[in-house]
Amino acid sequence: MSPAFQYRLRTPAPLVSVEDYRHAARRALPSMVWAYLDGGAEDERTLRANRASFTNWHLRQRVLSGHACADLAVTIDRQRLDLPVLLAPTGLTGLAHWSGELAAAQAAEQAGTRLTLSTASSYSIEEVAAGTSNDHWFQLYPWGDGPFSDSMLSRARDAGYRTLVVTVDVPVQGNRTGERRTGMGHPPILTPRRMADAAIRPAWWYGLLRHQRMTMRSLTHITGARGAVESVSIQNRRIRPDLSWRDVASLRERWNGPFIVKGVLEPDDAVHAVDDVGATGVVVSNHGGRQLNGAIASVDALPDIADAVGGRATVLLDSGVRTGSDVITALALGADAVMIGRPYVYGLAVAGGAGVGAVLDILAAEMRSTLTLMGVARVADLDRDHLRRADA
């Protein structure tokens, strides 16, 4: 058991689940930041469906299997990972804790996995590369013109990133009414009440003011509130409602390495990404319920996409994973691994990199226990024969 897993807040009960970290993170953060990190689009129907849809599946229990220790290792695009959980790209993670993506990437390395660095990260492409040892992944929003994308690709390549993840489900920003109600708009709207809400959380406030990790550092070198406004302005100017498959194909031609398309929910799109664009993988994702409200839950979309491209390309699942049994369910449905966003940010908000490590340790322990109870020796052995439909 790692030191991170043993981390405890000064609370009456220890933090032993992702949900425990969620509640602790809620207490640690101002309401407007919490709305940004934890909220979804409109009435959050899709956000809720991402969690509820895991209950559509029962895990099959095989007893007396004789397996002493479950093996969680997977290989993704020739990269061995010690557990089938990667950290998803999350923008402005420094709002949760000043140590942000750098601490998260370091925690991922210690756990034997990788972080996918967002275009909108609070630490720059170069800062994360300089502070880590492994080749983490880089996520690109295909914003703006060719020169902008070329610059981002060149910086990522020069810094040692080998895998590119292109997010394709943000032609416009989702209608996140919860963020707007709390003032987390573009730019944020501060009122005396909202400032007081932040002031009663002195550790968070001190970290924000001292370290100034409230901007998208790969987009601007300006820090502080002015940098936050500037980076959001850059994002708004460059977002692409007219984004097409031609744009993604052009990016593929300019990237010599693993190329993953994130935000796919339909089998035909997955096939097009792999067969026509040349993607080496897809991420089945509805952006955590933050974009199209009413979209299908990611885990419900997973089986058909795995049937369409599984075995020919990497299939990852993002959105809704909160427990080790969720990870096992996704792998049995055809995912090669999962990505987590909110869960690791909860850990980050509570305890910086140690909290991220604790969340990963919790999921790993839950996965091992689940596999052992199912009578499965390793995650590589999982398939749909290990599941039953809940309504069957």
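How many helices and strands are there in the chain? Colour by secondary structure and count 15 helices and twelve strands, where helices (H or I, at least four residues) and strands (E, at least two) are DSSP runs numbered from the N terminus.

Some ground rules before you click. This is a predicted model, in which local features need pLDDT of at least 70 and side-chain atom pairs count only at pLDDT 80 or more, while totals for chains, interfaces and linings use all residues. Residues are numbered from 1 along each chain as its sequence is written, and side-chain values use heavy atoms, with hydrogens and water left out.

**Stop 1: the whole chain.** Of the 392 residues, 57% count as buried, meaning under 20% relative accessible area, with exposed over 50% and partly exposed in between (1.4 Å probe, protein chains only). Among contacts (heavy atoms within 4.5 Å) between residues at least 6 apart in sequence, 72% join residues at least 24 apart.

Stop 2: Two strands pair here if DSSP finds at least two bridges between them. Now select 281-284 and 314-318: these are strand 9 and strand 10, which pair in the parallel sense over four bridges. Glycine 281 has threonine 314 as its bridge partner in strand 10.

**Stop 3: off the end of strand 10.** Pick serine 319, in the loop between strand 10 and helix 14 (324-332). Serine 319 has a positive phi of about 100° although it is not a glycine, and it is buried, at 5% relative accessible area. Carry on to alanine 335, in the loop between helix 14 and strand 11 (337-340). Is alanine 335 buried or exposed? Alanine 335 is buried, with a relative accessible area of 6%. Leaving aside residues up to four places away in sequence, it touches Leu302, Val315, Leu317 and Ala330.

**Stop 4: another positive phi.** Jump to glutamate 42, in the loop between helix 2 (31-38) and helix 3 (45-52). Its phi is positive, about 50°, and it is not a glycine. Glutamate 42 is partly exposed, at 41% relative accessibility.

Stop 5: On a 1 Å grid over the protein atoms alone, a cavity is a set of points where a 1.4 Å probe fits but cannot get out, and a pocket is an open set with protein on both sides within 12 Å along at least five of seven lines; lining residues have an atom within 4 Å of a point. Grid points are joined across faces, edges and corners, and a volume is the space filled by probe spheres set on the points.

The second largest pocket holds about 460 Å³. Among its 22 lining residues, select Val168, Asp169, Pro171, Gly263 and Asp269, the closest to its centre. Helix 11 (245-253) and strand 8 (259-264) each supply at least two lining residues.

Finally, select Tyr141, Pro142, Trp143, Thr167, Val170, Arg240 and Leu243, which line the largest cavity. About 30 Å³ of space lies inside that cavity.
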